[in-house]
Amino acid sequence: MLTKRIIACMDVRDGQVVKGVKFQELRHAGDPGELAERYNVEGIDEVVVLDITATLESRQALAKTIGAVARRIFLPLTVGGGIRSEEDAAAAVDAGADKVSLNTAALKNPALITTLARRYGSQAVIVAIDAKRRGDGFAVYVRSGTSDAARDAVEWAREAESRGAGEILLTSMDRDGTRSGFDCEMTAAVANAVHIPVIASGGAGGLEHFCDVFTRGHADAALAASIFHYADTSVSELKRYLREKHIPVRM
Amino acid sequence: MIALIDYGAGNLTSVRKALTALGADFATPSSPEDCARFSALIVPGVGNFASTAALVGPWHDAIGSAVRGGTPLFGICLGMQWLFEGSDEAPEVPGLGVLPGRVTRLQGDTAARLKIPHVGWNALDFRESARILAGLEPRSHVYFTHSYAAPVTADCVAATTHAETFAAVVERGNVFGVQFHPEKSSDAGLQILRNFLEVARGLPAIAPRAEAGC
């Protein structure tokens with residue numbers, strides 16, 4: 001049986017892992033290679049490296065970070081943050097990324113999804129959607145959550161799938177870093193609208209939050225950062241808990 | 001020396017990285033004729049079966065001739081599908097045909113939320129003891145990402161189920177293949193690659209676990 005995936009996300013700035021709350025207030029959380037290795041030993045299923053500065057200088061540092069992580073773990077590795085062009089994606093893939101995550105660039109230039117899906121296959125293209133609740137819908141934001149994209153998350157996820165995206169990484173901006181639980185309603189709304197896997201992100205705090213997002217949220221995978229970085233919750237402890245709740249996980 | 005065949009289907013960085021970590025001696029042959037100097041062949045690949053069209057003709061002949069001569073061959077993902085006669089994904093492109101059967105599209109199950117593509121970690125159900133599975137725990141999880149799969153035939157040594165049951169690992173004489181990505185499957189995947197490297201070195205692989213057959 002296909003298991004539910006637990007994904008660790010590392011927000012990287014200047015070669016170091018940092019983490020903020022609601023996209024702000026960054027604090028230092030360690031070396032990416034060392035963290036990735038610890039996660040692998042604990043049984044993480046996948047790793048995401050997000051370059052949160054994405055300046056030209058940091059892009060070169062990012063290639064080094066990807067290489068350092070990719071040499072130490074043999075797991076699917078996704079790279080995102082500031083991938084604006086086919087060249088940026090190629091640099092990430094050449095450095096060792098298996099998948100690239102597009103956010104702002106996909107909304108600005110949706111044809112990039114198709115270009116990359118043709119070049120690397122859909123399995124290598126993740127469309128990341130940052131969204132907040134607004135009325136009955138879910139408003140999409142871009143530029144690290146600073147700019148209203150005037151799109152609805154469900155409708156945009158459908159379009160991303162039709163253009164060749166292989167997975168959707170859906171982050172609740174309302175919940176990001178708050179540890180108050182995933183936005184299960186938003187996750188379910190998107191997961192029910194597309195045929196590709198949906199990775200839920202934003203709000204992981206306790207073990208029960210993962211159980212909720214896999215059952216009520218219909219997520220295929222759940223991503224978290226801070227609860228794993230600071231070793232509040234180990235991946236192995238989380239998986240034991242999920243198995244007790246009859247959620248299929250890789251042990 | 002192992003030949004890692006690069007026919008432009010996806011990125012080989014991860015496979016190279018895993019082979020390097022295992023201390024394998026490998027290179028990419030520059031031409032089909034070059035294949036003859038290698039002691040084993042790996043055909044990787046990600047993406048659409050149509051991209052194996054690049055292997056039709058001289059590559060097909062060179063690899064086929066090496067395999068018939070006893071050279072071990074390991075197909076990964078699309079590379080495993082190519083070992084069969086062909087695929088519904090690109091019916092006009094013939095496979096290598098060293099294994100009988102045709103690759104078909106997985107159907108999934110919408111009601112049960114079993115989506116296609118089949119992406120993620122799923123279990124291996126061992127069917128036969130096999131050199132390629134040596135040292136692996138039964139029901140080990142490995143990382144898949146695919147929409148098409150090969151049927152369960154006499155050559156299937158481990159199967160996986162996602163709405164339907166398909167061949168996850170095949171072994172027939174000197175021909176081996178895995179539908180998943182061993183280079184992305186952590187310790188279980190590295191063990192499988194190590195087993196192929198042992199076969200390639202001409203050494204017997206570690207004895208299969210007693211409980212492996214089922």
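Ser186(B) is found in helix H4 of chain B, where helices (H or I, at least four residues) and strands (E, at least two) are DSSP runs numbered from the N terminus. The model described here is predicted: local features need pLDDT of at least 70, side-chain atom pairs count only at pLDDT 80 or more, and totals for chains, interfaces and linings use all residues. Residues are numbered from 1 along each chain as its sequence is written, while chains are lettered from A and ligands numbered from 1 in the order in which they are written.

Although Ser186(B) is not a glycine, its phi is positive, at about 50°. Ser186(B) counts as buried, with 24 C-beta neighbours inside 10 Å; a residue is buried if 20 or more other C-beta atoms, placed from the backbone, lie within 10 Å of its own, exposed if 12 or fewer, and partly exposed in between. A positive phi also occurs in Arg139(B), a residue other than glycine, with a value near 65°. Arg139(B) belongs to the loop between strand S8 (125-126) and strand S9 (141-146) of chain B, and is exposed, having 12 other C-beta atoms within 10 Å. A further backbone feature of chain B is the cis peptide bond between Ile116(B) and Pro117(B), with omega about 5°. Pro117(B) lies in the loop between strand S6 (102-105) and strand S7 (118-123) of chain B.

Helix H1 of chain B spans residues 13-21, and its buried residues are Ser14(B), Val15(B), Ala18(B) and Leu19(B). Seen down the axis of H1(B), these buried residues fall within an arc of 130°, so they line one face of the helix; the arc is that of the directions from the helix axis to the C-beta atoms. An α-helix has 3.6 residues a turn, so residues three or four places apart point the same way. The cover over the buried residues of H1(B) includes strand S1 (2-4), strand S2 (26-27), strand S4 (73-76) and H4 of chain B. After H1(B) comes Gly23(B), with a positive phi near 75°.

In chain A, strand S10 (residues 167-172) has six of its six residues buried, so it is largely enclosed by the rest of the structure. In a regular strand the side chains alternate between the two faces of the sheet. From S10(A), Glu167(A), Leu169(A) and Thr171(A) point one way, whereas Ile168(A), Leu170(A) and Ser172(A) point the other way. S10(A) pairs with strand S7 (residues 125-134) of chain A in the parallel sense over six bridges, two strands being paired if DSSP finds at least two bridges between them. Within this pairing, Leu169(A) is the bridge partner of Ala128(A), and Val127(A) stands opposite Ile168(A). S10(A) is also joined by four bridges to strand S11 (residues 198-201) of chain A, again in parallel, with Ser201(A) as the bridge partner of Thr171(A). From S10(A) the chain crosses through helix H7 (residues 184-191) to S11(A) in a right-handed β-α-β crossover, a term that applies if, with the strands pointing away from the viewer, the path from the first strand over the helix to the second runs clockwise.

Eight of the ten residues of S7(A) are buried, so this strand, too, is largely enclosed by the rest of the structure. Strand S6 (residues 99-102) of chain A runs parallel to S7(A) and is joined to it by three bridges; here Val125(A) is the bridge partner of Val100(A). The pairing of S7(A) with strand S8 (residues 137-142) of chain A is antiparallel, over five bridges, and Asp130(A) stands opposite Tyr141(A). S7(A) and S8(A) form a hairpin with two residues between them, and Gly135(A) in the turn has a positive phi of about 60°.

The largest nonpolar core has 157 residues, and those with the most contacts inside it are Val47(A), Val100(A), Ala153(A), Ile168(A), Leu170(A), Ala222(A) and Leu41(B). Such a core is a set of buried Ala, Val, Leu, Ile, Met, Phe, Trp, Tyr and Cys residues joined through C-beta atoms within 7 Å. Its largest share, seven residues, comes from helix H4 (residues 186-200) of chain B.

Between the chains, 25 residues of chain A are in contact with 27 residues of chain B, contact requiring C-beta atoms, placed from the backbone, within 7 Å. On the side of chain A that touches chain B, the elements giving two or more residues are helix H2 (56-72) and helix H3 (86-95) of chain A.

Definitions and conventions
Two residues are in contact if their C-beta atoms, placed from the backbone, lie within 7 Å.
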